[in-house]
Amino acid sequence: MNSRQPIPVVVLAGFLGSGKTTVLNHLLAGRGGTRIGVVVNDFGSIEVDAMSVAGQVGDSMVSLGGGCLCCAVDGSELDAYLEKLSAPVHRIDVIVIEASGLAEPQEMIRMLMASENPDIRYGGMVEVVDAAEFDATRARHPETDRHLAVADLVVLNKTDRVDATERARIERELAVLCAPGTPVVGADHGRIDPELLFDRRPWTETRGQLSFEDLLAEADGHGDGHDGCGHAHAAYESTEFTTEQALSPRRFIDFLDRRPAGLYRIKGFVHFGVPGHDDCYEVHAVGRFLRFAPRPWGRGEARVNRLVLIGSGTDGPGLLRELEACREPAPHEARPESMWCVLRYVARPEPGTEPEAEPDPSDGGLRAEG
């Protein structure tokens, strides 16, 4: 039986000139030891030279340094290449699809959420917007509004090319066009912290006394080991929450429903302790996208809730107070149906449960994985 966790598949969308390829290249450069599978229309725009191409893996697939793989596909090939990328032999940690020309983002989301491939799971849709050309892009591409409506996270790129007043106007318009609670992350030159989308693994392979990460930093002219990211992480705050007491599923979902727009990502593990649902639940939220993945506790593993919340302009102590209020002193007295609000965000509901219907990708609620 396959015990691997499914690989998250993140959709990176945005119209020509928005800077999504720059964002993708930045994610590759700042990936640490994370093995990324990349799906694009062609290799031309991906900085494979900087990533040390190691040779061909298969038809239309190249191997990038650090274990990353890159596919050049069209829409009809997408399923096949996702299957190839998710093969255990490649040990990929996350797959990023650059959506240009492959399909409408909404259709791609539906395809991923309906996929029967047990080795992948939908990981959220990121829409990249050009701040300097926002109005012109909407005029040329009326479908922009539809794309924004299904985005889980919006990257407002090229903020260095607009003044504060114009940026505030665009952010007000995005608040109307996007679903309620969709975070908007400002960026210039595509620099966002990779931790907003996936966990960065540390480098484990070295050359002499230097890791590959050190060598990349030197090649980019940075001796501080920050992958040429321009200290993008400095713009974000991280809040950590730990408790040995079980959480109330309903109060925790209420917390997630009302989380502030500046809270971009939540990751970690929670314990509810409800009879029949005593598993460890992995939590993964990017923007308004939310997923829970239950797994059995390991032998001797402590039943501890551990969450990391990453955002900008958030009230860390306030978030901790809200999470403290989610603690449940008597989880064994809770009725099993109290878990339905959580199970609607589980990829494949547990046998015998009756979770509520999933939100549609076009509605304004949190998006569950299908």
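Buried means under 20% relative accessible area, exposed over 50%, and partly exposed in between, with a 1.4 Å probe and protein chains only. The note below uses the terms in this sense.

1. Basis. This is a predicted model, in which local features need pLDDT of at least 70, side-chain atom pairs count only at pLDDT 80 or more, and totals for chains, interfaces and linings use all residues. Residues are numbered from 1 along each chain as its sequence is written, and side-chain values use heavy atoms, with hydrogens and water left out.

2. Helix α8. Helices and strands here are DSSP runs (helices H or I, at least four residues; strands E, at least two), numbered from the N terminus. Helix α8 covers residues 249-257, and its buried residues are P249, F252, I253, F255 and L256. These line one face of the helix, because they fall within an arc of 155° seen down the axis of α8. The arc is that of the directions from the helix axis to the C-beta atoms. The buried residues of α8 pack against β13, β14, β15, β16, α9 and α10 (340-343); contact means heavy atoms within 4.5 Å.

3. Helix α9. Which residues of helix α9 (residues 316-324) are buried? They are G316, G318, L319 and L323. Their arc around the axis is only 160°, which puts them on the same side of α9. P317 and R321, on the other side of α9, are exposed. The cover over the buried residues of α9 includes β12 (237-243), α8, β13 and β16 (305-311).

4. Aromatic pairs. Rings of Phe, Tyr and Trp (its six-membered ring) pair if their centres lie within 6.5 Å; planes under 30 degrees apart count as stacked, over 60 as edge-to-face and the rest as tilted. The structure holds six aromatic pairs. One of them is F252 with F292, an edge-to-face pair at 6.2 Å centre to centre and 70° between the planes. This pair links distant parts of the chain, with F252 in helix α8 and F292 in strand β15 (residues 289-295), 40 residues apart. F252 counts as buried at 0% relative accessibility, and F292 counts as buried at 1%. The rings of F272 and Y281 also pair: their centres are 5.4 Å apart and their planes are at 65°, so this pair is edge-to-face. F272 is buried at 0% relative accessibility, and Y281 is buried with a relative accessible area of 0%. One aromatic cluster is formed by F252, F255, F272, Y281 and F292.

5. The loop at G273. Where is G273 placed? It is in the loop between β13 (263-271) and β14 (280-286). G273 is buried, with a relative accessible area of 15%. Leaving aside neighbours within four places in sequence, G273 is in contact with A246, D278, P331 and H332. G273 and L247 are 26 residues apart in sequence and 7.8 Å apart in space, C-alpha to C-alpha.

6. Backbone points to check. Most residues other than glycine have a negative phi. K158 is not a glycine, yet has a positive phi of about 60°. K158 is in the loop between β8 (153-157) and α6 (164-177) and is buried, with a relative accessible area of 19%. H189, also not a glycine, has a positive phi of about 55°. The place of H189 is in the loop between β9 (184-186) and β10 (206-207).
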